[in-house]
Amino acid sequence: MEEYNQQPDVYSVSQLTNEIRSLLEEQLDFIWLEGEISNFRSPVSGHYYMTLKDQKSQIRAVMFRLQARYLRFVPENGMKVLAQGRVSVYAPRGEYQIKLDYLEPLGSGDLALAFEQLKQKLALKGVFDQDKKQSLPFLPQKVAVITSPTGAAIRDFLKVLYQRFANIEIIVVPVKVQGDNASSEMIEAIELVNRNLEVDVIILTRGGGSLEDLWAFNDEKLALAIRGSFIPVISAVGHEIDITISDMAADVRAPTPSAAAELLVFEKEILIKNLFQLEKRLTATIRSQLNNQAITVEHLSKRLKDPRKDMEDTLLRLDDLHGRLVRTMGNNMSGLRTRLEAGEQRLRVSSPYQTILLSGQHIKLIRKRMIMVMSRLVKDKLHTLTLLEKRAIDLSPLSILSRGYSITRKLPEKKVIRRARDIEKGDRFQILLSKGIIEGRVEKSDSEASFDK
Amino acid sequence: MTEKKFELAMKDLENIVENLEEGNLSLEDSMAAFEEGMKLAKFCSQKLEEAEKKVSLLVRESNGKHSKIPFELEDITKSE
């Protein structure tokens with residue numbers, strides 16, 4: 001305090017300004033600053049002039065062309081930014097400002113912003129217009145792949161093609177896909193292919209990476225080269241979520257290198273599948289139709305009578321009938337013959353001849369026997385007769401008569417009278433005597449009279 | 001042109017198959033249609049198999065001209 005009072009220093013304006021400058025520029029040599037851009041302008045010099053402000057204050061800012069060159073986006077009014085720089089005093093006007101070395105948008109990052117800006121710019125130019133896009137050729141046979149020959153992309157791409165057995169000729173056009181000159185190499189490659197190679201499709205591809213890694217594909221000139229290609233371009237950069245300006249400018253975007261390969265073979269595979277199906281249906285149909293026809297023919301031919309067959313049948317039937325007839329006749333005949341024979345047999349058996357024969361024999365026998373019997377009988381009778389003769393002689397009435405007895409017979413009947421009542425009074429009678437006959441008439445007949453009286 | 005021809009052939013083939021499948025054709029017509037169909041199918045599959053399976057690398061020679069050399073990836077079927 002006392003020292004100030006003792007000797008108050010008097011500065012010239014320049015001195016003061018210099019003092020301020022050295023204070024500020026030494027103290028605030030490297031600072032980070034957050035603010036919103038306003039009053040942005042970029043004259044032909046290529047420097048960026050703007051004001052950075054917040055709700056209460058503002059500060060002028062400048063970014064010289066040397067630094068501005070490296071910015072991937074163009075600052076805009078209203079944009080909230082994080083800036084890095086140093087405070088500097090412009091002595092002639094007694095003004096201070098901040099000289100910016102680096103600027104990035106707050107929130108989304110500079111690349112994202114740059115991407116958005118380029119996208120808008122190219123969209124306005126019509127680079128992404130759908131009606132400018134060429135359709136992929138039918139069944140591409142020859143394809144140029146613009147990519148790094150050592151990267152993952154070409155490997156993934158070829159791997160899919162190998163797996164699918166795709167008959168496609170591939171020409172790998174080697175380029176850098178990352179870093180300085182990557183964009184211009186790719187542009188050259190696109191032009192080279194259009195000029196020198198007769199291919200159906202160009203595939204511009206790269207494997208996955210950071211936004212920075214893929215940055216070469218977010219290039220205005222590359223986008224224009226893609227758009228200008230006469231050969232349809234498929235862009236397949238990074239992973240599925242990565243979308244680059246190239247993807248949008250290309251005729252077709254494939255999410256990944258593998259997907260690009262699938263895109264090439266997809267249609268063909270569908271066609272092959274369709275063709276296979278059609279062929280299958282074609283042969284199946286004709287086969288079933290031929291089968292049906294064969295069955296129909298079979299049915300018809302079954303229904304269709306072959307006259308020869310008929311004749312054969314008739315002949316067979318005839319033969320059969322004939323055979324049966326002959327058999328039946330034979331059977332009948334033999335039956336008849338059997339019956340006849342049986343009849344004959346029976347007839348023979350029952351023949352009278354036999355009977356006659358037998359009878360004759362029988363008769364002979366009987367006669368013989370009869371004769372025998374008769375002769376015996378005769379003999380016996382003769383014997384008996386002899387005996388009887390002898391007895392008869394003994395009993396002969398004559399002999400009796402000779403003994404005095406007589407026989408009286410009624411006349412004319414000459415019936416021997418044994419009882420008186422056999423003859424009545426007046427009846428004639430005859431009496432036989434041992435010698436002679438006496439005839440008389442009955443005088444009296446008394447049946448009661450007897451010798452006793 | 002190839003596309004046109006191919007598409008027409010496929011379309012014809014489809015029509016023939018459908019006609020055949022409807023089964024209204026006489027046997028002779030069926031056989032004729034079948035033969036035509038097989039011809040078309042052969043044509044189509046030839047078109048599909050036409051391209052050559054080949055991978056080459058474009059290299060710039062010292063005279064500034066470009067030429068193609070066979071391109072081989074040793075580990076193509078192996079690891080990632």
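1. B:Ser30 and its neighbours. Leaving aside residues up to four places away in sequence, B:Ser30 touches A:Ile286, A:Gln289, B:Leu20 and B:Leu25. The residue lies in helix H2 of chain B. The model discussed here is a predicted one. Is B:Ser30 buried or exposed? The relative accessible area of B:Ser30 is 0%, and a residue counts as buried under 20%, so B:Ser30 is buried.

2. The interface as a whole. In total, 40 residues of chain A are in contact with 44 residues of chain B. About 3900 Å² is buried between chain B and chain A, and carbon and sulfur atoms account for 67% of it.

3. How many salt bridges does the rule find across the interface of chain B and chain A? There are three. One salt bridge joins the side chains of A:Glu169 and B:Lys68, with an N to O distance of 4.0 Å. Between chain B and chain A, six residue pairs are in polar contact, counting pairs with both residues at pLDDT 80 or more.

4. On the side of chain B that touches chain A, at least two residues come from each of helix H1 (2–22), helix H2 (27–49), strand S1 (54–60) and strand S2 (66–70). Which of these elements gives the largest share? H2(B) does, with 12 residues. Sorted by class, this side of chain B holds 21 nonpolar, 16 charged and seven polar residues.

5. S7(A) pairs with S1(B) in the parallel sense, and four bridges join them. Within this pairing, A:Val172 has B:Leu57 in S1(B) as its bridge partner.

6. Strand pairing inside chain A. Strand S7 (residues 169–174) of chain A also runs parallel to S6(A), joined to it by six bridges. Here A:Glu169 of S7(A) stands opposite A:Lys142; A:Glu169 also takes part in the salt bridge with B:Lys68. S6(A) pairs with strand S8 (residues 201–206) of chain A as well, again in the parallel sense, over four bridges. In that pairing A:Val143 has A:Val201 in S8(A) as its bridge partner.

7. Why can strand S6 (residues 142–147) of chain A be called largely enclosed by the rest of the structure? Because five of its six residues are buried.

Conventions: Residues are numbered from 1 along each chain as its sequence is written. Chains are lettered from A and ligands numbered from 1 in the order in which they are written. This is a predicted model: local features need pLDDT of at least 70, side-chain atom pairs count only at pLDDT 80 or more; totals for chains, interfaces and linings use all residues. Side-chain values use heavy atoms; hydrogens and water are left out. Buried means under 20% relative accessible area, exposed over 50%, partly exposed in between (1.4 Å probe, protein chains only). Two strands pair if DSSP finds at least two bridges between them. Contact means heavy atoms within 4.5 Å. Buried area is the accessible area (1.4 Å probe) that two parts lose on being put together, summed over both. A polar contact is a pair of N or O atoms within 3.5 Å; within protein, one must be able to donate a hydrogen and the other to accept it, and residues adjacent in sequence count only if both atoms are side-chain atoms. Ala, Val, Leu, Ile, Met, Phe, Trp, Tyr, Cys and Pro count as nonpolar, Asp, Glu, Lys and Arg as charged, and the others, Gly among them, as polar.
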